[in-house]
Amino acid sequence: MEHRHYDGDRPGPHDDGFYDPPYERFVPPAEESARYSPDMDIDEVRTETQERIARRRKKQLKKERALRRRKRRLQIIGAVAGMVIIWLLLRFLPVPFGSIVIDGNGTMPDEDVLRVAGVPDYVNVVQLSTSAMRERLTRDLRVGEVTIERQFPATIHIFIKERQAVAVVMTLYGFAYIDDTGTVISVEPQIKGVVVPIITGKKMDTLLLGDTLNDETMKNALAYLHELPPQSAAQIAEINVGSKSEIIAYTTNGISIHLGAGDRAEERAAVTEELLSEVEADQLAVQYIDADPDSPLIKGK
């Protein structure tokens with residue numbers, strides 16, 4: 001029987017009669033720059049490899065920074081576009097946004113303030129113009145001064161100083177309430193609500209809202225009332241302006257205060273306050289007081 005021997009170092013017949021090539025170990029190809037031969041300096045090879053890795057890392061970091069910058073730009077653009085869209089929606093759609101705060105109004109209800117200012121049923125501070133609101137409010141006779149401010153983030157603050165009636169005048173058809181400028185701020189068929197001195201001695205015809213008193217003696221009387229401190233003004237019940245040279249005020253206790261022609265209103269008001277305080281402190285029985293700044297006088301009974 002014939003026996004065949006296989007030698008792995010050379011080709012030869014196998015028992016099955018087929019031919020197999022010899023096996024070879026696979027070695028992956030290396031980059032030219034990374035090849036090393038025994039005659040090369042190992043430190044030089046390491047340095048070149050490190051530099052190559054550093055270059056790759058630097059290129060990668062540069063690409064990552066570019067991507068981050070692009071992402072930030074897109075985020076900023078998206079945020080700005082979103083804000084513009086939201087602003088447009090708030091600007092033109094009837095949706096509520098923000099709030100309005102009102103300070104200083106006493107007799108004028110908040111509802112009247114908003115109505116006069118032109119605020120619709122819903123409050124949207126983006127759609128409101130503070131200058132237009134201020135212009136509308138100043139045309140209302142009940143409003144003396146008004147300041148409107150925008151406050152972050154979405155608030156409109158209205159500061160109102162109402163016109164205050166300092167006197168009431170009898171007319172043909174009722175009573176007109178007058179502020180310290182002589183402007184008629186209210187007309188009523190009878191005296192009610194505000195308790196203020198009544199000016200007598202002059203027969204007035206019809207007075208309408210917004211009318212201004214031009215009579216000199218009445219202006220002097222109003223100026224005097226305006227200069228009085230609140231505590232002293234509360235004691236004045238009537239001012240008679242029937243005589244141009246002798247205006248007389250009457251207190252709630254029946255004391256008459258002679259004011260002359262009513263000039264030097266600030267000084268006469270200061271004298272009045274001082275003399276009334278003296279009368280109250282000393283419990284004096286008084287016939288009249290002369291509020292002449294040059295020669296003040298308390299006339300006893």
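Me: Before we start, what should I know about the numbering and about which parts of the model count?

Reply: Residues are numbered from 1 along each chain as its sequence is written, and side-chain values use heavy atoms, with hydrogens and water left out. As the model is predicted, local features need pLDDT of at least 70 and side-chain atom pairs count only at pLDDT 80 or more, while totals for chains, interfaces and linings use all residues.

Me: Good. How many helices and strands are there in the protein chain?

Reply: Helices (H or I, at least four residues) and strands (E, at least two) are DSSP runs, numbered from the N terminus. The protein chain has 6 helices and 12 strands.

Me: And what share of the residues is buried?

Reply: Buried means under 20% relative accessible area, exposed means over 50%, and partly exposed is in between (1.4 Å probe, protein chains only). Of the 301 residues in the protein chain, 28% are buried. The areas themselves come from the Shrake-Rupley method with a 1.4 Å probe; for residues, only the protein chains shown count as cover. The protein chain exposes about 20,700 Å², and carbon and sulfur atoms supply 54% of that area.

Me: Which residues is Thr-251 in contact with, beyond its neighbours within four places in sequence?

Reply: Contact means heavy atoms within 4.5 Å. With those neighbours left aside, the partners of Thr-251 are Gln-235, Ile-236, Ala-237, Ile-257 and Leu-276. For the protein chain, take the contacts between residues at least 6 apart in sequence: 44% of them join residues at least 24 apart.

Me: Now the surface. Which residues gather in a patch of positive charge?

Reply: Patches are made of residues with over 30% relative accessible area and no salt bridge; like charges are joined within 9 Å, and nonpolar side chains (Val, Leu, Ile, Met, Phe, Trp, Tyr) within 5 Å. Lys and Arg count as positive and Asp and Glu as negative, while His and the chain ends are not counted. The place of a charge is taken as NZ of Lys, CZ of Arg, CG of Asp or CD of Glu. Here the positive patch gathers Lys-58, Lys-62, Arg-65, Arg-68, Arg-69, Arg-70, Arg-72 and Arg-73. One of them, Lys-62, sits in helix α1 (residues 42-92) and counts as exposed because its relative accessibility is 58%.

Me: Which residues make a nonpolar surface patch?

Reply: Ile-76, Val-80, Val-84, Trp-87, Leu-88 and Phe-92 make one of about 610 Å². Phe-92 is also found in helix α1, and with a relative accessible area of 60% it is exposed.

Me: How many salt bridges does the count come to?

Reply: A salt bridge is a side-chain nitrogen of Lys or Arg within 4 Å of a carboxyl oxygen of Asp or Glu. By this rule there are 9 salt bridges. Among them, Arg-139 pairs with Glu-135 at 3.5 Å, N to O; Arg-139 is exposed at 56% relative accessibility, whereas Glu-135 is partly exposed at 48%.

Me: Where do the partners Arg-264 and Asp-294 lie?

Reply: Their side chains meet in a salt bridge of 3.1 Å, N to O. Arg-264 is in the loop between β10 and α6, and Asp-294 is in the loop between β11 and β12 (297-300), so the pair ties together parts that are 30 residues apart in sequence. Asp-294 is exposed, with a relative accessible area of 59%, and Arg-264 is partly exposed at 34%.

Me: Which backbone angles deserve a look?

Reply: Arg-264 again: it has a positive phi of about 50° although it is not a glycine. Gln-283, in the loop between α6 and β11 (286-290), has a positive phi too, near 55°, and is exposed at 67% relative accessibility. Finally, the peptide bond from Phe-152 to Pro-153 is cis, with omega near 5°; Pro-153 lies in the loop between β2 (143-151) and β3 (155-162).
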